[in-house]
Amino acid sequence: MLNAFQKKLDALTLDPDDRFERHVRERFGKNIPKGLVEELKSFIQLLPKIERRIFSLYVWLPPTSKVKEVGSHFLAYMYQPEDFLPENDRNGLFGYLDDVYLASLFFELMIEEIQDSKQLRIRREDAGLVRKVIGLRRKARSVIPEEAIKIQQMLGELFEGDETTYQSLFAGGIPR
Amino acid sequence: MLAAFKEELKRLAVDPDDPFHKKISQRIGKRATQVLEERLKRLILAMPGIVKRIHVHWTESPAGSEIKKLGGFVFAYLYHPKDLLPEAEHGLFGYLDDAYLVAIVYEQVIRVTGKRERPLEEADIDYLKQIQASKRYIKAVLPQETKKIDAMVHKAVKHGEFDDFAEALRSVA
């Protein structure tokens with residue numbers, strides 16, 4: 001499934017009719033920093049890779065792991081097109097910016113837990129990926145600030161065992 | 001992601017170079033009729049919709065419940081790049097084991113929600129009918145793989161033991 005997903009993202013990235021830049025301009029204003037659009041696109045392109053790494057680490061975590069518990073919510077979230085930025089024809093590639101924001105944040109928390117508990121050895125490329133996504137996430141936050149706050153809130157709640165924001169999202173509306 | 005998955009399945013289903021018929025024939029010889037192949041294809045194509053229904057029930061279920069655990073494993077299982085029948089090698093046929101797993105977990109999910117005495121939605125009734133009509137065909141084509149999956153799900157549902165699920169996921173991670 002991740003291969004199919006990668007193909008879809010590649011196609012959207014190359015699609016001349018995709019309105020990614022327009023969405024960024026609408027959110028950020030006219031004076032968008034040079035290179036921001038390309039950086040955000042490259043961030044979204046990392047999504048299948050991040051998901052692959054999350055899956056690979058997820059299956060080795062012990063059942064008592066908090067990250068593992070929240071992990072099934074994360075995996076389920078990724079299947080849903082109706083989220084903070086719906087994945088539809090209008091949003092195109094832009095509709096995946098919230099997904100990569102969440103995935104990268106979850107991946108970082110996952111690596112932190114593994115480091116703290118010394119359950120698994122962290123691969124050098126995973127540590128590098130975390131460093132890379134921290135910077136890209138900051139840039140994404142400048143474009144989708146409200147969604148970023150909600151995503152952080154949702155993830156924080158899930159770690160506390162609270163599904164309020166998560167449930168609201170799929171029940172037809174995010175609490176404001 | 002589910003939309004991309006659906007598009008890919010649709011594409012494979014109409015791809016003249018996809019080895020679906022060949023793979024089925026290799027497994028069951030002349031019993032590979034058009035009706036059988038169509039049933040199997042329909043179930044594979046229904047998989048994204050069934051996953052969506054599992055997610056609906058999963059979201060409504062309390063933490064720690066049977067549905068939460070089962071659903072969690074299915075969501076993880078579908079992420080794997082290579083399973084009992086790797087998709088890259090087998091094309092659409094490679095999704096048959098996934099479709100079977102999704103179908104029988106979905107039946108369990110419905111069984112549990114049925115216990116809560118809630119009326120089934122039309123979508124659930126349709127998918128259940130489709131699964132009932134296709135299951136024995138998948139078993140005929142993939143006897144060993146379906147036995148493994150049945151045992152894995154049975155152990156999880158009857159005894160609350162998810163070790164086989166975890167092991168299956170680790171073997172492909």
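Visitor: What should the 15 residues of helix 8 of chain A span, and how far apart are its end C-alpha atoms?

Guide: First, what a helix is here: helices (H or I, at least four residues) and strands (E, at least two) are DSSP runs, numbered from the N terminus. The expected span is 1.5 Å times one less than the number of residues. For helix 8 (residues 145-159) of chain A that comes to 21 Å, and the end C-alpha atoms are 21 Å apart, which agrees.

Visitor: Before we go on, what kind of model is this?

Guide: This is a predicted model, in which local features need pLDDT of at least 70, side-chain atom pairs count only at pLDDT 80 or more, and totals for chains, interfaces and linings use all residues. Residues are numbered from 1 along each chain as its sequence is written, while chains are lettered from A and ligands numbered from 1 in the order in which they are written.

Visitor: Which residues of helix 8 of chain A are buried?

Guide: Burial is a neighbour count: a residue is buried if 20 or more other C-beta atoms lie within 10 Å of its own, exposed if 12 or fewer, and partly exposed in between, with C-beta atoms placed from the backbone. In helix 8 of chain A, the buried ones are Glu147(A), Ala148(A), Lys150(A), Ile151(A), Met154(A), Leu155(A) and Leu158(A). They cover an arc of only 165 degrees around the axis, which puts them on the same side of helix 8 of chain A. That arc is taken over the directions from the helix axis to the C-beta atoms.

Visitor: Which exposed residues sit on the face turned away from that side?

Guide: Pro145(A), Glu146(A), Ile149(A) and Gly156(A) are the exposed residues on that face of helix 8 of chain A. After the helix comes Gly161(A), with a positive phi near 85 degrees.

Visitor: What do the buried residues of helix 8 of chain A pack against?

Guide: Packing is read from contacts: two residues are in contact if their C-beta atoms, placed from the backbone, lie within 7 Å. Here the partners are helix 5, helix 6, helix 7 and helix 9 of chain A.

Visitor: Which residues are buried in helix 3 of chain A?

Guide: In helix 3 (residues 36-45) of chain A, look for Leu40(A), Lys41(A), Phe43(A) and Ile44(A). Down the axis of helix 3 of chain A, its buried residues fall within an arc of 155 degrees, so they line one face of the helix. Their cover includes helix 1, helix 2 (20-28), helix 4, helix 6 (97-117) and helix 7 (124-143) of chain A.

Visitor: How many helices and strands does each chain have?

Guide: Chain A comes to 9 helices and 0 strands, and chain B has 9 helices and 0 strands. For chain B, the radius of gyration is 16 Å, close to the 16 Å that the globule rule gives for 173 residues, so it is as compact as a globular protein of that length. The radius is taken over C-alpha atoms, and the rule is 2.2 Å times the number of residues to the power 0.38. For the 176 residues of chain A, a compact globule would have a radius of gyration near 16 Å, and chain A has 16 Å, which agrees. Buried residues make up 40% of chain A and 40% of chain B.

Visitor: How many residues does each chain bring to the contact between them?

Guide: Chain A gives 23 residues and chain B gives 25 residues. On the chain A side, helix 1 (2-14), helix 4 (47-58), helix 5 (66-78) and helix 9 (164-170) each supply at least two residues. Helix 1 of chain A has the largest share, 5 residues. By class, that side has 14 nonpolar, 6 polar and 3 charged residues. Ala, Val, Leu, Ile, Met, Phe, Trp, Tyr, Cys and Pro count as nonpolar, Asp, Glu, Lys and Arg as charged, and the others, Gly among them, as polar.

Visitor: Where is Leu120(B) found?

Guide: Leu120(B) is in the loop between helix 6 (96-115) and helix 7 (122-141) of chain B. Leu120(B) has 13 other C-beta atoms within 10 Å, which makes it partly exposed. Not counting residues up to four places away in sequence, Leu120(B) touches Ile110(B) and Ile125(B).

Visitor: Which elements of chain A have the lowest and the highest mean pLDDT?

Guide: pLDDT is the predictor's confidence in each residue, from 0 to 100. Helix 9 of chain A has the lowest mean (82) and helix 3 of chain A the highest (96). Over the whole of chain A the mean pLDDT is 87, and chain B averages 85.
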